[in-house]
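Reader: Got a model to go through with me. Can we start with the ring packing, then turn to the RNA?
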Amino acid sequence: MFREVQSTVSLPELEREIIEFWRERGIFRKSLQKPAPEGNFVFYEGPPTANGKPGVHHVISRAYKDLFPRFKTMQGYHVNRKGGWDTHGLPVEIAIEKRLGFTSKAQIEEYGIERFNELCRSYVFENIQDWNEMTERIGYWLNLDDAYITYDNGYIESTWWIMKQLFDRGLLVEDYKTTWHSPSSNTTLASHEVSLGYQEDVEDPSVFPKFAANGQDLLKAGVPPEGDSPNVYFLAWTTTPWTLGANTALAVKPGATYALVQAPKKHGQEAEEKDLYILAHDLVEQVFGETGEVLATFPGENLKGVRYEPVLEGQVPAGTDMAAAYRVILDDFVTLDDGTGVVHLAPAYGDLDLGRKHGLPTIFSVSLTGEVMPQVRAPGTSGDGPYAGMWFKDADEHIANDLLERGLLYRSTTIRHSYPFNWRDGTPLMNVAKKSWYLRTTAVKEQLLANNERINWVPDHIKHGRFGKWLENNVDWALSRERYWGAPMPIWESDDGERICVGSVAQLSELAGRDLSDLELHRPYVDEVTFEKDGKLFRRVPYTVDVWFESGAMPYAQWHYRGEQETPQAHEQLAANFPADYICEAVDQTRGWFYSLHALATLLTATSEDGEPLGPLAHLVGSTPAYKNVISLGHIVDENGEKMSKSKGNVVDPWTVLDAQGADALRWNLYSSSPPGATKRFSQALVDETVRDFFNTLWSTYYFFVLYANLDEPDLAAAPPAQERPLVDRWLAARLTQLVTEVTEQLENYDPTGATRNIRDFVVDELSNWYVRRNRRRFWKSEDDFDKLSAYASLYEALVTVAKLIAPMAPFTSDAIYRNLVLSVDPEAPESVHLAHWPTANESLIDRELLRDMATLVKVVELGRAARAGSGVKTRQPLPELLVRVPTEAQLEGLKRFERELLEELNVKSVRYLDVTADFVEYSIRPNLPLVGKRLGKKIPALRKALEEIDTRMVARNARDGATTTIELEGETFEFEPEAFLLDAKSPEGFAAVEEEGYLAAFDTRLSPELLREGMARDLVRLVQNARKNAGLEVSDRIDLGLVVDGELRQAAGEHLERLKSEVLAHDVNFGELGNGAYSESGEIEGNSLTITLKPVSN
RNA sequence: GGGCGAUUAGCUCAGCUGGUUAGAGCGCGUCGCUGAUAACGACGAGGUCGGUGGUUCAAAUCCACCAUCGCCCA
């Protein structure tokens, strides 16, 4: 009937069979083609780069990605899972540079961009085979045949189209940008390259330049003129003297107190002349020690706008308006922790954003190759300055010395701090403003925030935390890169600065006057395309585009979408696949892909306040974020909470786990061990525990069913409807229904942790260790066909439903169970669980009272087991009577429905139900705090005291009768409903009893000879069963049994002969030995020795 | 330096809007049970709920500060 099932299973082996089956029968393809009455569920694959071997962290994100498309497919959605590969970017270039032994960009150009990019192109798919194998092995269904690849011409052309849209709206502009620049190789470094090169404990100058304040302005500012000295200086502090020529402002802190101080002209020359200084009052002592005398104090605000003299001039670009320069500004970024509280600002070298904020001009002191410019000289002098051409770090000392000499430096010393260096050649970096192309995301900041409100973040704190804060502090997106292996920026420029942004190959062909449809859109080929327009020659700007822009363009570029040039079908395709219903990546993508998708979608779908389309996609899809639900995964660490890294040797290779425990166990462990956003501790041991705890239990339940169903061949189609089955079956149906409802809701809320834990508890605790254990006799013993068929049908339905519920999480095991159970009964059913429909809950099966009563039974059984253990009487020995008390009358009545289960489970002959006020039960009473706490407030301690002295039996009676109890507390009278109190029943004297929260179970342990003999009979059964097992018999084999027993034991065996025979499937029982090669073994029961002989007989 | 998150038993984790005696699984010990289960059941050992202070009749839970770890940014 069903395919035979082994009692233990090798999941990895099973999974390989299922993979083979999926492949042969094209199950994934069929899941895409099956009817989708619910429409599209859109999933976006965040593209990985296939250059390295995939690790556990890749497995985890793919496991989470896979779950929801499977779930939604079963719910009747169509889920197109287009794969994708990220191919461009600096890490690829660096890998190639490393292979070629290059340390600078010049070497790349010398080698040839064409050859270099060719190496990059082949490198990015170096490990594609490993990726594909891993993807298939873990059951990640993704359409890899039709994957998008970011280096494809079509993909690049789509990014061009997007850039043109933004350029035309004035959102793609060129401006200065602060970058970490390596003057040794004249290159901007990417942020992660910068962090590679940070060095601790670097010695740098620490100088205190003196900027002469304008006396008139000071007067106006209310700073009192003091003494004879005409010179009042702002005392600043800097570690980069080479930037002093680029100074255009000084900043002070609003709200802070500043001081006018008289102190020596130079540090360490106390006896000499004094100067007047302005600095933060809090820092006077730190700077001057005992040598400074505070003459006056005033708020920092007073200093706003005061002019001062620069100590060095710099190179002023043509057209720069210097009117705003050399004044004091106010800004909260100024700190009073170190320095002087007066900050020297050089917008060109690190303070660009502050400069913008305060409208300061940007002037320069050092070239991009690290040489000091000739314009750097003392004000009022002319000709090339004394530092012209000097390496900028070498100039520091000369500048400091000259300023000391000119009386414009109070002190020159050194400090140790961390500073970034070029990670390749160890030369210092410069923080410098360079021209760069920006995407003006700040122009749509409000829409970015508004769209974020429409996204469901898991975990939810990301929404207003990490992501929301990032959006609130949004700065324009620096888009251009001075690199080679990337999508080229489609901007062509004439010598006089006219720019054309090209939106398609067709447009470029038109401009160039030749057909470029075969043009390879990478450097260097695209650089070779120039054209003339209006008599001017246009060349492409030398930049590539930030790879994050490409990834963010994926919703459009994966279809090679190019807006207005497209057919209606192409528009439809885009609209049907945008926005995403679900995406999932690790938390580090918050400012990566999560942001790039969000920013581009917001820009492209923007509408004006009155709903007019601004972005080119607004008319298609309206204003929308790029995704509606997003899971941001925590990172994975080893079992000690440490980051996995090769150097620590704690990296777990996914294949060791996949080969030993299998993909389902790995997936299930990932989903259930902690919520998606949590940092995950991971070890193979934990996955192994998942196998033992969940999969083995599920499998043995399934094995049990198949084993007995194949013996009995029940006609499942003829089973009575669930409502008409025995109580315990109806209970199982009710719990199963609840489970379906809950799991569906949990998955719809993107809570795989809750769903997997919920299913695990049902399968292990309720299905296996309660239902099957309690009911197993019904499967192999029942003479009652109705009862037996009900049991088979109930277990069958539970197993099939569980197989469907776990299908999205454990796609292999679920399919193996489903296929055997369902297709053996109904060959017309879908051939894979992944083509089946998600279970629906029939709420009418949820019988609340039944659920409550079973819960009561379980509780009483638990207490009963504890009481039996405490009684010293072994469980096999029947006891005469069980005494039970439960908190309410309703529960008591309900429990009576399960009396048979109670008697069997606790091996007891009868049960006595105690009235809730039964005389020999003592009570203690506690307040039900959640209920009365708020009402009583400060009177709680008084109530506790009152309850110690109250007549507990009266309260118990009131509870039974539903009457209120009146208690006076501190002069005030309170009426308490029965629920206001919790009654704990105390164990009666002389009984083996256990009580908890108003439940009580007690045993009468007086044993009669009859009961003792029954206990012996059960011992006998157990020994015979053991002997059967030792003899290597099958469960269903029938035997002839020979018993050599004496005395009490002989009598016990005689009295319970029929039971013995049926329990051990004995055809015949002889009191004597069976000869002729019968299996034989000896044992002992209660001091009586015995010999068991048995041999199988044919049925 | 800033932002976000975490910190509960030896390990992995639950603990909802403050409220009964802080729980589960694994591991450990003792006992029991077993012809579906590499299981199961009972009992036990194991916790200053990261620390300090505060609010409250009542704090693992709320507030403040601090510490450690992780991620992101500077």
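**Rings and RNA**

Author: Phe392 is buried, at 0% relative accessible area. Buried means under 20% relative accessible area, exposed over 50%, partly exposed in between (1.4 Å probe, protein chains only).

Reader: Ground rules first. What kind of model is this?
Author: This is a predicted model: local features need pLDDT of at least 70, side-chain atom pairs count only at pLDDT 80 or more, and totals for chains, interfaces and linings use all residues. Residues are numbered from 1 along each chain as its sequence is written, chains are lettered from A and ligands numbered from 1 in the order in which they are written, and side-chain values use heavy atoms, with hydrogens and water left out.

Reader: How many aromatic pairs in the whole structure?
Author: The search finds 56. Rings of Phe, Tyr and Trp (its six-membered ring) pair if their centres lie within 6.5 Å; planes under 30 degrees apart are stacked, over 60 edge-to-face, the rest tilted.

Reader: How are the rings of Tyr277 and Tyr410 arranged?
Author: Edge-to-face, because the planes are at 75°, with the centres 5.8 Å apart. The pair links distant parts of the chain: Tyr277 is in strand S9 (residues 274–280) and Tyr410 in strand S13 (residues 409–420), 133 residues apart. Strands (E, at least two residues) and helices (H or I, at least four) are DSSP runs, numbered from the N terminus.

Reader: Is Tyr277 buried or exposed?
Author: Buried, at 0% relative accessibility. Tyr410 is buried too, at 3%.

Reader: Which residues form a ring cluster?
Author: Ring pairs join Phe2, Phe704, Phe705, Tyr708, Phe779, Tyr792 and Tyr796.

Reader: Switching to RNA strand B. How many residues surround it?
Author: 50 residues, and the closest are Arg466, Pro930, Lys938, Leu982 and Arg1028. Near means that a heavy atom of the residue lies within 4 Å of the strand.

Reader: What share of the RNA atoms within 4 Å of the protein is sugar and phosphate?
Author: 64%.

Reader: What does Lys469 reach?
Author: A polar side-chain atom of Lys469 lies 3.1 Å from a phosphate oxygen of RNA strand B. For polar contacts, the pair is N or O atoms within 3.5 Å.

Reader: And the bases?
Author: A polar backbone atom of Ser768 is 2.8 Å from a base nitrogen of RNA strand B. A side-chain N or O atom of Arg1028 is 3.1 Å from a base oxygen.

Reader: Which element gives the largest share of that surface?
Author: H25, with eight residues.

Note on methods:
Polar contact = N/O pair within 3.5 Å; in protein donor to acceptor, adjacent residues only side chain to side chain.
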